[in-house]
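Biologist: Please show me the model, and then I will ask about some local details.

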Amino acid sequence: MTREQELTIVRRVQHGDVNAFELLVAAYEKNVFNVALQMVGNREDAQDMAQEAFLKAYNSLSSFRGDSKFSSWLYRIVSNVCLDFKRRQGRRPSSSLTVEDDEGETLELDIADESQSPEALLERKLTREAVRRGLQELPDEQRQILLLREIQGMSYEEIGEAMGLEEGTVKSRIFRARKNLCAFLLKDGNIPDSIASRNPRGSDVL
Amino acid sequence: MSQCENYQELISRMVDGDLSALEEADLARHIETCPDCAALFQAFSALSSQIGKDLEESPFDLRDNVMAEIHREEIRRRNRIPTILRSVLSAAACVALIVGVYLGVSITQGKNLVTAAYDAAPAAAEENTAAAEEEVRAMPEDAPAAAEEAPAEEAADAPTLQANAVEAAPENDHPLLGMGSAAAAPEETTQEETEAEAPAEALGETAEDEAAEAPALEEWELTNWDLSLLRELLKGSPEERSAEEMASHAFGRIHLQNLREEYSVLLYEEDGVLYYLDPAEETVYRSALTAEELRAFLAA
């Protein structure tokens, strides 16, 4: 949906056309649900989160002024709903990993093993389940921002808008999220022993 | 390899298309010579496509739940019926619906009961509508949602309850072809899955799809849309003219499909005005959108 389309519908709702809101729900429910799913890890909670997000959006629609895309605003809402949910569950917002500020790591992807190409190695690691697991391991803000980029396809600018961040911060956070996710995926499951032992510095990058 | 650290974040940005042509060329040159960065680029790209693909479908009742809650909130805000009375009335309606569905499930008990269910449900919907204020005009949209959640599992229900609707269907001659609908019937057995109970007035009878017809129409598919949603988008008002009259102006068709139903909506254009044929009511409507606006919307 384009920005104009969104605005038209939002205005209709703001003027009392309740049913028009369903058009927005229909347009974004899949992505909102999938963001929530990756944030909280299971379908039932994700559905609750998504529904709550839409309701929150509806109830605060009068405060939406259209300076950002409605979808950006909506994704911010669902992200925050999920973050709050996780906090209530007792998980700390930033995990204990020091990755947030750590700039000094070099990601070791040792591809000197002749027996498999990097593509084959990656392919084995990148099953949907492994990626989901990996996403759960990320600090919440990194997971959040990576999902907005990869699932919603939001631009850096839109993400900055949605999360109230400078673009530079968006870029580096996405980079760190990817780096950590890759590192986790390498560690997760079986790294071929030949690779692990060959690497003199060890393969731990977290 | 520490110089690669400078490149690493650039690689992330390159995956997102954030580099200028010059920066990208420079990075590509580096990647050609540096196996570690090449691997990183591979990893980031693969990750990117993996996370974004295979998105799960959102739960089928998500939208209904949201809209139902919104309508409830709106009613709470404007309703003057005392809370207790209102909840008693809606509870009564719910019981009637549930009883109606239960009766409908006992297929072995014969058609009488099935017909009774068919009648009981609209009665319940009537009660509901009568009891609340006019905002609850929105409620019939809820009733289908509530009514269909229960029978969602009783798939066996649909064909039986359809028995009543199907009998009526052959009566409706295909508007475009002006001949018997027999030709249309075989193709549309899937559409007979539409629950024809309570919301008989809301959903109308099963839609007749146009199997064979006129010159190449543009076709659009909308999945996870239902008829009420499309009506909402098009904001139509009833038009005096019949579908036959309009037939020569047909230019396109929208196919709606969600878990519960399938519809085909014929689109006409005349003098820049957009019209459509509501398959449930078999009435031509004049849309508040223009054909161009609709095309733009469907293309997005």
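The questions below concern this predicted model.

Biologist: What percentage of the residues of chain B count as buried?
Modeller: Buried here means under 20% relative accessible area. Chain B has 300 residues, and the share that counts as buried is 45%.

Biologist: Is D271(B) buried or exposed?
Modeller: D271(B) lies in the loop between β4 (262–270) and β5 (273–278) of chain B. Its phi is positive, near 50°, although D271(B) is a residue other than glycine. Most residues other than glycine have a negative phi. The cut-off for exposed is over 50%, and D271(B) has a relative accessible area of 75%, so it is exposed.

Biologist: Where is K235(B) found?
Modeller: K235(B) is not a glycine, yet has a positive phi of about 45°. With a relative accessible area of 38%, K235(B) is partly exposed. Its place in chain B is the loop between α10 (227–234) and β2 (237–238).

Biologist: Why does E157(A) count as exposed?
Modeller: E157(A) sits in helix α8 (residues 156–163) of chain A. Exposed requires over 50%, and E157(A) counts as exposed because its relative accessibility is 53%.

Terms used. Residues are numbered from 1 along each chain as its sequence is written. Chains are lettered from A and ligands numbered from 1 in the order in which they are written. This is a predicted model: local features need pLDDT of at least 70, side-chain atom pairs count only at pLDDT 80 or more; totals for chains, interfaces and linings use all residues. Side-chain values use heavy atoms; hydrogens and water are left out. Helices (H or I, at least four residues) and strands (E, at least two) are DSSP runs, numbered from the N terminus. Buried means under 20% relative accessible area, exposed over 50%, partly exposed in between (1.4 Å probe, protein chains only).
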